Amino acid sequence: MPAIDPARLPADLLPVIDALCATGAAVSRIVARGPLGQALGAGVGENSDGDQQKALDVLADEMFEAALRQAGVKYYASEEQEEVLSLNASGRYAVAADPLDGSSNIDVNVTIGTIFSVFEAKEGANESFLRPASEQVAAGYIAYGPQCLLALTWGEGTLLYVLDPETGVFALADEKMALPKAAKEFSINSSNRRHWTAPVRAYVEENEAGKTGGKGKDMNFRWVGSLVAETHRILTRGGTFLYPSDARPGYENGRLRMVYEVAPMAFLVEQAGGLATDGVTPILSLTAEQLHERRPFVFGSAEEVERITALHG
Ligand SMILES: O=P(O)(O)OC[C@H]1O[C@](O)(COP(=O)(O)O)[C@@H](O)[C@@H]1O
Ligand SMILES: [Mg+2]
Ligand SMILES: [Mg+2]
């Protein structure tokens, strides 16, 4: 039995999405046991980008790699692997993933997730991923939170599935997620304020001034520290997210990785009626040049993302 209700899914994509869902369900069971199982948040090394790897980062990566190999995927690119892995020479798809997003929240029982992006594979490994983000054929995230859920797009809207604990199947909960055009909340790591550029500072100050300033409404502030949780909140009730470039060494392009964090989230957001840019340029018009490259990322309610672009003008 597939791990997702197959009714709406394009048949060609079903084996890949099914493998991702079955693995997501298995990861969610491990996450749910928390400290009753192995020490999921223990440091176990560093990935190629110099980020500390936690036990669950590595475990989730191994689980997704094995499932995608089994599902006939040609190439697998992961945050936790320096190079693209060749899985099946005759496979049709190339999948990029952040197997475990929000690792700083593993030990504190706050929502973490998996992000994935699917392309039609090309001949070569790198060229299968280093191409315009608009060429993604599917993208999604699985959130391990109070519910385990999946937001998924294949270019015909963004659909929401919830893992039903009674059946073990991701069941369709919303066939057309709609990101509200106006926002009441914004998200940015304010501890980096002193490193921000002038447009980012101006946007945050406008929000903080709210009705007292020129904004016409008060804004609330949220920061979870898990891109998946932040994206899900914004897709559900609107808002804006910014992880901009800043003046810290190594943050010239922000923190988030283009291929397996920024591009798939941009696809999901735009398919739900929101906007996703690097501050100015739509993410879906951009092409990654390196597998682990970072991009400044701004997304959410259209009115707010347009305002941020204007402030950069
Ligand atoms: O710690 P910071 O700088 O606020 O960064 C938080 C961001 O980093 C991330 O945790 C990066 O993802 P990983 O946990 O996959 O490395 C995002 O989920 C989150 O938005
Ligand atoms: Mg991440
Ligand atoms: Mg990660």
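The following legends describe close-up views of a predicted model.

View 1. The domain assignment places domain 1 at residues 13-176 and domain 2 at residues 185-312. Taken over C-alpha atoms, the domain centres are separated by 22 Å. Contacts link 37 residues of domain 1 with 30 residues of domain 2. On the side of domain 1 that touches domain 2, two or more residues each come from strands E5 (93-101), E6 (112-120), E7 (138-144) and E8 (148-153). E6 gives the largest share of that side, 5 residues. By class, the residues of this side of domain 1 comprise 16 nonpolar, 16 polar and 5 charged.

**View 2. The largest nonpolar core.** This core contains 91 residues, and Val95, Ala266 and Phe299 are those with the most contacts inside it. Helix H5 (residues 258-271) supplies the largest share, 10 residues. Because domain 1 (13-176) and domain 2 (185-312) both give residues to the core, it lies between them. Beyond residues up to four places away in sequence, Val95 touches Val16, Leu68, Val73, Tyr76, Phe116 and Val118.

**View 3. The surroundings of ligand 1.** The shell around ligand 1 consists of Asp51, Glu79, Asp98, Asp101, Gly102, Ser103, Ser104, Asn189, Gly225, Ser226, Leu227 and Arg255. Of these residues, 1 is nonpolar, 6 are polar and 5 are charged. Domain 1 (13-176) and domain 2 (185-312) each contribute at least three residues to the shell. An unreviewed UniProt entry annotates Asp101, Gly102, Ser103, Ser104 and Asn189 as "binding site".

View 4. Gly102 counts as buried because it has 22 C-beta neighbours inside 10 Å, where the threshold is 20 or more. Ser103 also counts as buried, with 23 such neighbours inside 10 Å. Neighbours within four places in sequence aside, Gly102 is in contact with Thr111, Ile112, Gly113, Gly225, Ser226, Leu227, Val228 and Ala229. With the same exclusion, the contacts of Ser103 are Lys54 and Asp57.

**View 5. The annotated C-terminal region.** Residues 179-312 carry the annotation "domain: Fructose-1-6-bisphosphatase class 1 C-terminal" in an unreviewed UniProt entry. Over this range the chain is 35% helix and 12% strand. The end C-alpha atoms of the range are 23 Å apart.

Notes. Residues numbered from 1 in each chain as written. Chains lettered and ligands numbered in written order. Predicted model: local features only at pLDDT ≥ 70, side-chain atom pairs only at ≥ 80, totals over all residues. Core = buried A, V, L, I, M, F, W, Y, C linked by C-beta atoms within 7 Å. Buried ≥ 20, exposed ≤ 12 C-beta atoms within 10 Å, placed from the backbone. Helix = DSSP H or I, 4+ residues; strand = E, 2+ residues; numbered from the N terminus. Domains from an automatic or database assignment. Contact = placed C-beta atoms within 7 Å. UniProt positions renumbered as here; feature names shortened; annotations may be inferred. Near = placed C-beta within 6 Å. Nonpolar A, V, L, I, M, F, W, Y, C, P; charged D, E, K, R; others polar.
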